[in-house]
Amino acid sequence: MTKAYSNLYQQVSTYENLLIAFKKAARGKHGLPSVAEFAFNEDDNLFQLQEELQTKIYQPGPYHSFYIRDPKRRLVSAAPFRDRVTHHALCNVIEPIFERTFIGDSYANRIGKGTHAALNQAQRFARGRRYVLQCDLRQCFPSIDHQLLRGILARKLHDDSLLWLCDQILKSGEGVLEAEYEMVYFAGDDLFAANRPRGLPIGNLTSQFWANVYLNELDQFVKRTLHVSAYLRYVDDFLLFSNDKRELWRWKSALVDFLAGLRLTLHQKESTVYPTATGLPFLGFRVYTDHRLLKRKNGAAFERRFILWRKQVSMGKLSISKLHQRVLGWVAHAQNADTWGLRRSLLMTPIAFQARERGRA
């Protein structure tokens, strides 16, 4: 039986919780004008936000949207800073409730998990199994259905005021990703299906968390109904391992049917079965049973960025220390694969460049 929680909303709107939320939302962003403006009158702004939440007159503001390549082209939508504080305040209270229901092998946007832990587990699973079914959800964030998500949240959150706040945030994201969504009709749909509210703006803390809540339904189906022992998921990419190729194809058929109930679909061409010995492309790497390689396009993308950063240093638009931080960040990522030769070829020559620039400073 699902455990339900009530009387939570008051915890969200306490000054203490809002202060913690402000500090989390502002971490590493104090130089941004919107953050500095909020921080200048921190107490007044937090008390104002508290009053709006307690009296339920809170209304989220408009999003600022822009495209990035990560490596795919994605539309990122940034909420106003005071809304990001609200998102943190909400997640501070409800995330622990749902977190304890998540499976151990869900790796995205969770403390102690992440890309590198997912890669390590994928490699461990591959060592003991001959085949893998690799699945990729089509239009995951634009497709998430608000009505279904609301129902999943309501199963645990028996608090009308808390659900009101969830509704406010969900409504603020309606239509933000509409241009990214290609209409899909499911069995039983009528002409009004196109008007179903859907989509979680990429960039919201609540979107990342709610995607895990929504896709936890998939995780539980795989573990409890299909009884897959070797399974892991990172956002909309997930892997199922087996020594029986036919079993994997049966699982894929069952997944297609189950996902339709969540109004989600698979990329059919990318979602396929192949031997683990050939290496599986996952999270920017190619994972083999005994080693890992960085995808060629990821190394090339870093090389292009590195050339641009060095030009910016020469023009005085970027400091050596900032360049150093960015390079170290990429090196920490690339070290999770056999990339010594790549790192040497990209970075050994620029050492002299950096030394020369330090001499000019």
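Residues are classed as buried at under 20% relative accessible area, as exposed at over 50%, and as partly exposed in between (1.4 Å probe, protein chains only). The structure is a predicted model, in which local features need pLDDT of at least 70 and side-chain atom pairs count only at pLDDT 80 or more, whereas totals for chains, interfaces and linings use all residues. Residues are numbered from 1 along each chain as its sequence is written, and side-chain values use heavy atoms, with hydrogens and water left out. Helices (H or I, at least four residues) and strands (E, at least two) are DSSP runs, numbered from the N terminus.

In α6, the buried residues are Ala118, Leu119, Gln121, Ala122, Gln123, Phe125 and Ala126. The cover over these buried residues includes the strands β4 (231-234), β5 (237-242), β8 (280-282), β9 (285-287) and β10 (292-294), where contact means heavy atoms within 4.5 Å. Helix α6 has 13 residues and reaches 19 Å from its first C-alpha to its last, close to the 18 Å expected at 1.5 Å a residue; the expected span is 1.5 Å times one less than the number of residues.

Helix α9 is mostly covered, with 11 of its 13 residues buried. Among the buried residues are Leu162, Leu163, Trp164, Leu165, Cys166 and Asp167. The buried residues of α9 pack against α1 (9-12), α4 (42-54), α5, α8 and α10. The end C-alpha atoms of α9 are 18 Å apart, in agreement with the 18 Å that its 13 residues should span at 1.5 Å a residue.

The structure holds 10 salt bridges, each defined as a side-chain nitrogen of Lys or Arg within 4 Å of a carboxyl oxygen of Asp or Glu. Glu99 is partly exposed, at a relative accessible area of 27%, whereas Arg110 is buried, at 11%.

A salt bridge also joins Asp145 to Arg196, with the closest N and O atoms 2.7 Å apart. Asp145 lies in the loop between α7 (140-143) and α8 (146-156) and Arg196 in the loop between α9 (160-172) and α10 (205-225), so that distant parts of the chain, 51 residues apart, are linked. Asp145 is buried at 2% relative accessibility, and Arg196 is partly exposed at 24%. In a further salt bridge, the side chains of Arg155 and Glu217 meet at 2.8 Å, N to O. This pair links helix α8, which holds Arg155, with helix α10, which holds Glu217, across 62 residues. Salt bridges that share partners join Asp145, Asp189, Arg196 and Arg263 into one network.

The second largest pocket is lined by 25 residues, of which Lys24, His88, Glu95, Leu205 and Gln208 lie nearest its centre. By class, its lining has 10 nonpolar, 8 polar and 7 charged residues. The largest share of this lining, 7 residues, comes from α5. A pocket here is an open set of points, on a 1 Å grid over the protein atoms alone, where a 1.4 Å probe fits, with protein on both sides within 12 Å along at least five of seven lines; lining residues have an atom within 4 Å of a point. Ala, Val, Leu, Ile, Met, Phe, Trp, Tyr, Cys and Pro count as nonpolar, Asp, Glu, Lys and Arg as charged, and the others, Gly among them, as polar.
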